[in-house]
Amino acid sequence: MIKCDRTAFLIGAAAGAAAAVLIQKQTSESMNVPPEKVLKKVKDTFKKNGPVDGSWIQMKPEQIDRNGFPALVYKGGISRPGETGNEQFEFSADAKTGTLLHVQPV
């Protein structure tokens, strides 16, 4: 029978817990919302004001400076019918949350 010293056990348990917390933090920080889900969310937002003809999104997020703070975003575009023809918009959405950050007409 192996005798386990209480101090050694506590040190091992603390090291294991610290490693688990570190790994969880690193993996959650690197997780981005899939670009397909972001595009669906943006299209659904646009569809509240009418039909959407076309859309696209970059599959790789891009680092930008947003008011002095770095942000990882997906960039994309939406087109929809308007009164004078097709209206086109460019957007950027936060890669971590999928939140629409900026929309501008082209």
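Reply: A contact, or touching, means heavy atoms within 4.5 Å. This is a predicted model, where local features need pLDDT of at least 70 and side-chain atom pairs count only at pLDDT 80 or more, while totals for chains, interfaces and linings use all residues. Residues are numbered from 1 along each chain as its sequence is written, and side-chain values use heavy atoms, with hydrogens and water left out.

Me: OK, what does Ser 79 touch, skipping residues up to four places away in sequence?

Reply: Val 52, Asp 53 and Gly 54, plus Asn 86, Glu 87 and Gln 88.

Me: Is Ser 79 buried or exposed?

Reply: Ser 79 is buried, because its relative accessibility is 13% and the cut-off for buried is under 20% relative accessible area (exposed is over 50%, partly exposed in between; 1.4 Å probe, protein chains only).

Me: And which strand is Arg 80 in?

Reply: Strand 3, residues 69-82; Ser 79 is found in strand 3 too. Strands are DSSP runs of E, at least two residues, and helices are H or I, at least four, numbered from the N terminus.

Me: How much accessible area does Arg 80 keep?

Reply: A relative 15%, so Arg 80 counts as buried. Leaving out residues up to four places away in sequence, its contacts include Phe 46, Asn 49, Pro 51, Gly 85 and Phe 89.

Me: Zooming out, how many helices and strands are in the chain?

Reply: 2 helices and 5 strands, running α-α-β-β-β-β-β from the N terminus on.

Me: What share of the chain is buried?

Reply: 22% of the 106 residues.
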